[in-house]
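Me: Please take a close look at one part of this model. Then place that part in the rest of the chain.

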Amino acid sequence: MSLAATTAEGAPGALRFGRAPAAPAAGEAVLRIDRLAVRRGPLTLVDDVTLDVAAGETVCLVGESGCGKSLTLMAALGLLTPPLHAEGSVRIAGHQMVGTPESALGPVRGRDAAMIFQNPMSALNPIRTVGRQIEEALRLHTALSPGERRHEVTTLLEHVGITDPARCARSYPNQLSGGMCQRVMIAMAIASRPRVLLADEPTTALDVTIQAQILDLLKALQGETGMALVFVTHDLGVVAEIADRVAVMYAGRIVETAPADELFTRPHHPYTRALMECRIGPETPRGTALEAIGGSVPPPAARPPGCYFSTRCPKAAPVCATRPAMVETAPGSAAACHFARRPQ
């Protein structure tokens, strides 16, 4: 598959790179998270997260706000600042990210892994043009000449749906809308074709047409480079569109993992089922009341013992006061629930 894609004006443009990354073997895990915890003093914000993401795979991380999804991505790239600190292990393309000095992490970011942040206005440098910021990523991680880099900046901006890329490249972030800044962030993240892309709700601020273009672009990039994609979203429609596998987070823990088709047809954790019942589909009759999950995600200082979902779960029982283990529910699927059924 070529990365020649149709721009917002309908003209094709091909992304050119000075570095062709070595394609990982199919199925090779390029992101390995093992028992990751994020703590702030005595509080545990992210708790015992384990997740592997293979080359070419898209894993969607879903859950309500406050479940630890963004913190997990920040910890994976070594971007936490005191008083937050990470424990456990995160390996990206073989590089250990937890406990490694900042000076050794710089080359990994951008070259092997990149992140699209949720709030582009705070992530972009306000005193540099967006073109210079994208060009900096190309300067650090490709062998393109200055002239080639400037051309590449324009092409990248075209690919993320910006209709006047030359003017956009000369602009400062405060001169652009939030949606345009989000597209700039996406262009910057994919500039050097990372092996792992961490995307924290990257299409939330975009209209549905641009959202579809961005999702198509990310899938095309995966097809050509074997990039692994971890995509945080609240939109189950996006999950159904792009996910190979889904990890459901609740109160800092992963409570269920499954292939996307399996999760939508046979969710095993009560929290996952509750999320599915909150959807509105094309067959939903007009006027149907939207389902809601009673209560709210408990803050870290007030999480119940055992299963964190027990205070909101209709199936809660005394056994839920003890922590449930992840139980295999089908090949490639598991749920952390005392009532999850093992395959027969």
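Reply: First, the ground rules. This is a predicted model, in which local features need pLDDT of at least 70 and side-chain atom pairs count only at pLDDT 80 or more, while totals for chains, interfaces and linings use all residues. Residues are numbered from 1 along each chain as its sequence is written, and side-chain values use heavy atoms, with hydrogens and water left out.

Now the sheet. Its four strands run in the order β4-β3-β6-β7, the pairing is antiparallel, and the sheet is open. β4 (43-54) and β7 (95-96) form the edges, each pairing on one side only. Strands here are DSSP runs (E, at least two residues), helices are H or I runs of at least four, and both are numbered from the N terminus. A pair needs at least two DSSP bridges between the strands. Eight bridges link β3 (residues 29-40) to β6 (residues 84-92), in the antiparallel sense. Within that pair, I33 faces V90 of β6.

The helix is α1 (residues 69-76), which packs on the sheet and touches β3, β4 and β6. Contact means heavy atoms within 4.5 Å. The direction of α1 makes about 115° with that of β3. Axes are lines fitted to C-alpha atoms, for helices over the stretch in contact, and angles run from 0 to 180 degrees between N-to-C directions.

K69, T72, L73, A75 and A76 of α1 are buried. They sit on the same side of α1, because they span an arc of only 165° around the axis. That arc is taken from the directions from the helix axis to the C-beta atoms. Buried means under 20% relative accessible area, exposed over 50%, and partly exposed in between (1.4 Å probe, protein chains only). After α1 comes G78, with a positive phi near 70°.

What of strand β5 (residues 58-62)? Five of its five residues are buried, so β5 is largely enclosed by the rest of the structure. T58, C60 and V62 cover one side, V59 and L61 the other. β5 pairs in the parallel sense with β10 (residues 228-232) over four bridges, where L61 has V232 as its bridge partner. β5 also runs parallel to β11 (residues 245-250), again over four bridges. There, V59 bridges to R245.

Further along, α8 (residues 178-190) packs with α9 (residues 208-225) at an angle of about 5°, axes 12 Å apart. The two helices are therefore roughly parallel; the classes are under 35 degrees for roughly parallel, over 145 for roughly antiparallel, 65 to 115 for roughly perpendicular, and oblique for the rest. R183, I186 and I190 of α8 meet I210, I214, L217, L218 and L221 of α9.

Now the whole chain. The protein has 12 helices and 14 strands. Of its 344 residues, 52% count as buried.

Last, confidence. pLDDT is the predictor's confidence in each residue, from 0 to 100. Its mean here is 87, with 88% of residues at 70 or more. Residues 1-13 stay under 50, yet the model has 29 contacts for them beyond four places in sequence. Residues 16-24 also stay under 50, with 27 such contacts. Where pLDDT is low, the predicted coordinates should not be read in detail.
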